[in-house]
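The entries follow the order in which I looked things up.

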Amino acid sequence: MRSLKVRREVDARVQEDMRQFPDLIACMSCDTLTRRPRLSRAEIAICPVCGGVLLRAAKSVQQLAALSITAAVLWLLANVMPMLGIDLSGRHSQTTLWGSVLSFTNHLTAPMGVVVALALIVLPALQIGILCWLSFFALAGRRAPLFNELMRAWDGMHAWSMVEVGMLGILVSYVKLKGLFDVDVGIGMWAMAGLAIVLTLIVPRDVRALWHQLDAAGAA
Amino acid sequence: MSAVTRAAEVGLLACHVCGLVQSADGSRARTCPRCEAELRVRKPRSLSRSWALWCAGLVCYVPANVLPVMHTMSLGDTNGGDDSTIMSGVIQFWQTGSQEIAILIFLASILIPSTKFVVMAALLIQAGRRPSSGRMPVRSVGSLRWYRFLEIIGHWSMLDVLVVGLVTAVVQFRGVSEAEPRIGILYFGMVVIFTMLATQSFDPRLLWDRR
């Protein structure tokens, strides 16, 4: 019944030549129109028709900035410090994240090296960099230079950044190697674990919320 | 009139980047006034793109499972080392007592990719035969759950690629114990990428659009 009201309202406003409806949401999965609710902390809005998540109470800009900086430090450690090391009769061998990329490149499998480099190193770095840049300007209530471009880029990268999968990959590799060698876990792995958690906390809806937040701030 | 108002029915669309709901008429600028993204009512050529990527993934699926993904050799091997495939990796974990890891790899590398093919095909067929009434069919809600499930689990299949990368990077004791990636892992990675792209190209709103 509420949607009927939405429909009449839309019809009325279209006749008044309104083009934009920032107070409405169209579900990305089923196209159902609903009114944008005001959410308090930890609340989510669910589409009444298909059950998809429409909106999530976004993290504050301060939280976003703090998470971004943490992610940047962890990213640095995860990339510089060794991940895994093994010992075999007195000889030691260890690898960093970059080492596992290079391991593909000497063979016909080189394209997978590019994919792993993008998924675990390059895209997370770009995402974190963009988040730091956007959230620091947002702290001052401003849209950062290149806001539109960077927000769109962040959105496009998100599906392909796979730090959490990489983390699981390290654990599986650890178990695989443990049967054959003495395995030691490096600082890089702990940093990677932390990074996986921090990046999982920053969900796309937190970032997308900046569109609305900064729009509203600019209009006010 | 149905109780639910869909954006397309009242001439509105939501920008796929920033979500701003706006009128969809073709006479105005085709970029979003807020984020400058190109506007579209539905994902462009969604069905044919998804089908094409689905087929590309299926083509890679066979070599991904048949060809070896990793080659290991250790001192004393007389036959020049061992090749392992995706499935033999799972079996090896099971036999060496790491059943949990065996199940994990089985899920990520075998069950998830094959499920993706079946579910994507079902969704694409269903979206190809749209309801003529425009009413939201109950079955579409169920299909949508499957679609969201695919979106969430899709990239976890990359697990095996990363494991091969790490293991071959660290097991490098020249002449004593060495590991190298093999071509199968390239095909396997392509399966994951193609199926992820197929999922992304699919527009779930097509499931209940009027013909």
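Predicted model: local features only at pLDDT ≥ 70, side-chain atom pairs only at ≥ 80, totals over all residues.

In which loop of chain B is Glu36(B) found? I traced Glu36(B) to the loop between β2 (21-23) and α1 (46-66) of chain B.

**Entry: two residues with positive phi**

I looked up Glu36(B) because its phi is positive, about 65 degrees, although the residue is not a glycine. With 16 C-beta neighbours inside 10 Å, Glu36(B) counts as partly exposed.

I then turned to Asp31(A), which is not a glycine and has a positive phi of about 70 degrees. Asp31(A) sits in the loop between β2 (24-26) and β3 (33-35) of chain A. I counted 28 other C-beta atoms within 10 Å of Asp31(A), so Asp31(A) is buried.

**Entry: chain A overall**

I listed eight helices and eight strands in chain A. The radius of gyration of chain A is 22 Å, whereas the globule rule gives 17 Å for 220 residues; chain A is therefore more spread out than a compact globule. Along its principal axes, the C-alpha trace of chain A spans about 80 × 35 × 35 Å.

I noted the division of chain A into domain 1 (2-56) and domain 2 (61-219). The C-alpha centres of these two domains of chain A lie 34 Å apart. Of the 220 residues in chain A, 37% are buried. I also checked contacts in chain A between residues at least 6 apart in sequence: 61% of them join residues at least 24 apart.

**Entry: chain B overall**

For chain B I listed six helices and six strands. Read along the sequence, their pattern is β-β-α-β-β-α-α-α-α-β-β-α. The domain assignment of chain B gives domain 1 (1-41) and domain 2 (45-208). Taken over C-alpha atoms, the centres of the two domains of chain B are separated by 35 Å.

I found that 42% of the 211 residues of chain B count as buried. Among contacts in chain B with a separation of 6 or more, 65% are between residues 24 or more positions apart.

**Entry: helix α3 of chain A**

Which residues of α3 (97-105) of chain A are buried? I found Leu97(A), Ser100(A), Val101(A), Ser103(A) and Phe104(A). These residues are on the same side of α3(A), because they cover an arc of only 155 degrees around the axis.

I next looked up what the buried residues of α3(A) pack against. In chain A the partners are α2 (61-80), β7 (91-95), α4 (110-139) and α7 (187-201). In chain B they are α5 (159-170) and β6 (177-181).

**Entry: Ile121(A)**

I placed Ile121(A) in helix α4 of chain A. Is Ile121(A) buried or exposed? Ile121(A) counts as buried, since it has 20 C-beta neighbours inside 10 Å. Leaving aside residues up to four places away in sequence, Ile121(A) touches Asn79(A) and Leu97(A). I also looked at Trp75(A), 46 residues from Ile121(A) along the chain; the C-alpha atoms of the two are separated by 8.2 Å.

**Entry: the nonpolar core**

I went through the largest nonpolar core, which has 119 residues. The members that touch the most other members are Ala26(A), Val116(A), Met192(A), Leu195(A), Val21(B), Leu166(B) and Phe188(B). I followed up Phe188(B): with residues up to four places away in sequence not counted, Phe188(B) touches Ala64(B), Val69(B), Ile86(B), Asp160(B) and Val161(B).

**Entry: strand pairs**

Ile46(A) has Val53(A) as its bridge partner in β5(A). Six residues lie between the strands of this hairpin, where Gly51(A) takes a positive phi near 80 degrees.

Five bridges join β6(B) to strand β3 (residues 70-74) of chain B, and the two run antiparallel. Thr72(B) has Ala179(B) as its bridge partner in β6(B).

Strand β5 (residues 172-173) of chain B is also joined to β6(B), by two bridges in an antiparallel arrangement. There, Phe173(B) stands opposite Ser177(B). The hairpin of β5(B) and β6(B) has three residues between the strands, and Gly175(B) takes a positive phi near 80 degrees in it.

Note on methods:
Residues numbered from 1 in each chain as written. Chains lettered and ligands numbered in written order. Helix = DSSP H or I, 4+ residues; strand = E, 2+ residues; numbered from the N terminus. Rg over C-alpha atoms; globule rule 2.2 N^0.38 Å. Buried ≥ 20, exposed ≤ 12 C-beta atoms within 10 Å, placed from the backbone. Contact = placed C-beta atoms within 7 Å. Domains from an automatic or database assignment. Core = buried A, V, L, I, M, F, W, Y, C linked by C-beta atoms within 7 Å. Arc of directions from axis to C-beta. Pairing = 2+ DSSP bridges.
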